[in-house]
Amino acid sequence: MPEILSQLYSNILDTSWLEVFAVIFGILSVWFARKENIWVYPTGIINVLIYVYLCYFAGLYADMAINAFYFVMSVFGWYNWSRRTQTSDHVPISGLSPAQWAFYIALIAVAFGVIYYVLSNYTDSTVPKFDSFTTALFIAGMWLMAIKKIENWLFWILGDVLVIPMFAIKGLAFTSVQYIVFLVLAIMGYIEWRKRLNAAKES
């Protein structure tokens, strides 16, 4: 354990300013998401574009692809969160039905299989299974965030728990610390969205 902490400390000291910049905007994005604030998307766009660059040079190709996907979904989410509905001036928080849960579990399984096949056969990824599974989780989480489903936080929480050690091992220590913050914010986000959803049902 002391050796791991020593390596983590050393990696943090070697962190580039670009990674620090990305982490700051990433944390801001999750903070705004927790508050159901539209600024989740402009701050998130800055974060993901930087990580496309960082993950490419770290050999985390699935994470590079997922950040490119995040960019597309951030544009869509920005639009969707901004539009009015017939009953509200913004899209309300809602939950998944059992059938929708089954669909997203199947989506994660299919995404995992496709991403794993690509990483194993067409890249030099050193952690193809791990990278593929967390990427599949985050694909589901990002889409559910864009359509304001409360369960998005559950996928983020699980994914955050898994990627914290992966980024530390790959030398992106400050990013690993970022995901610890993400984990805390995701738990807080789920609790806050649950309160808002329950209040909306009671009103």
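## Surroundings of Arg 34

Arg 34 touches Trp 153, Leu 185, Met 188, Gly 189, Glu 192 and Trp 193, with residues up to four places away in sequence not counted; contact means heavy atoms within 4.5 Å. Arg 34 belongs to helix α2 and is buried, its relative accessible area being 12%. Buried denotes under 20% relative accessible area, exposed over 50%, and partly exposed in between, with a 1.4 Å probe and protein chains only.

## Basis of the model

The structure is a predicted model, in which local features need pLDDT of at least 70 and side-chain atom pairs count only at pLDDT 80 or more, while totals for chains, interfaces and linings use all residues. Residues are numbered from 1 along each chain as its sequence is written, and side-chain values use heavy atoms, leaving out hydrogens and water.

## Overall organisation

The protein contains 8 helices and 0 strands. Helices (H or I, at least four residues) and strands (E, at least two) are DSSP runs, numbered from the N terminus. Of the 203 residues, 43% count as buried. Among contacts between residues at least 6 apart in sequence, 70% join residues at least 24 apart.

The protein exposes about 10600 Å², of which carbon and sulfur atoms supply 71%. Accessible areas come from the Shrake-Rupley method with a 1.4 Å probe; for residues, only the protein chains shown count as cover.

## Nonpolar cores

The largest nonpolar core has 36 residues, and Met 145, Trp 153 and Trp 156 have the most contacts inside it. At least two residues of this core come from each of α2 (17-34), α3 (40-58), α4 (61-82), α6 (128-146), α7 (152-169) and α8 (173-202). A nonpolar core is a set of buried Ala, Val, Leu, Ile, Met, Phe, Trp, Tyr and Cys residues joined through side-chain atoms within 4.5 Å.

Leaving aside neighbours within four places in sequence, Met 145 is in contact with Ala 33, Tyr 41, Trp 81, Asn 152, Trp 153, Trp 156 and Trp 193. A second, separate core of 11 residues includes Ile 108, Ile 115, Leu 119 and Ala 140.

## Helix α5

Helix α5 (residues 98-122) has 25 residues and reaches 36 Å from its first C-alpha to its last, close to the expected 36 Å; the expected span is 1.5 Å times one less than the number of residues. Its buried residues are Tyr 104, Ile 108, Ala 111, Ile 115 and Leu 119.

Val 114 also lies in α5. Val 110, Val 114, Tyr 117, Val 118 and Tyr 122 make a nonpolar surface patch of about 520 Å².

Key. Patch = residues over 30% accessible without salt bridge, like charges linked within 9 Å, V, L, I, M, F, W, Y side chains within 5 Å. Salt bridge = Lys/Arg side-chain N within 4 Å of Asp/Glu carboxyl O.
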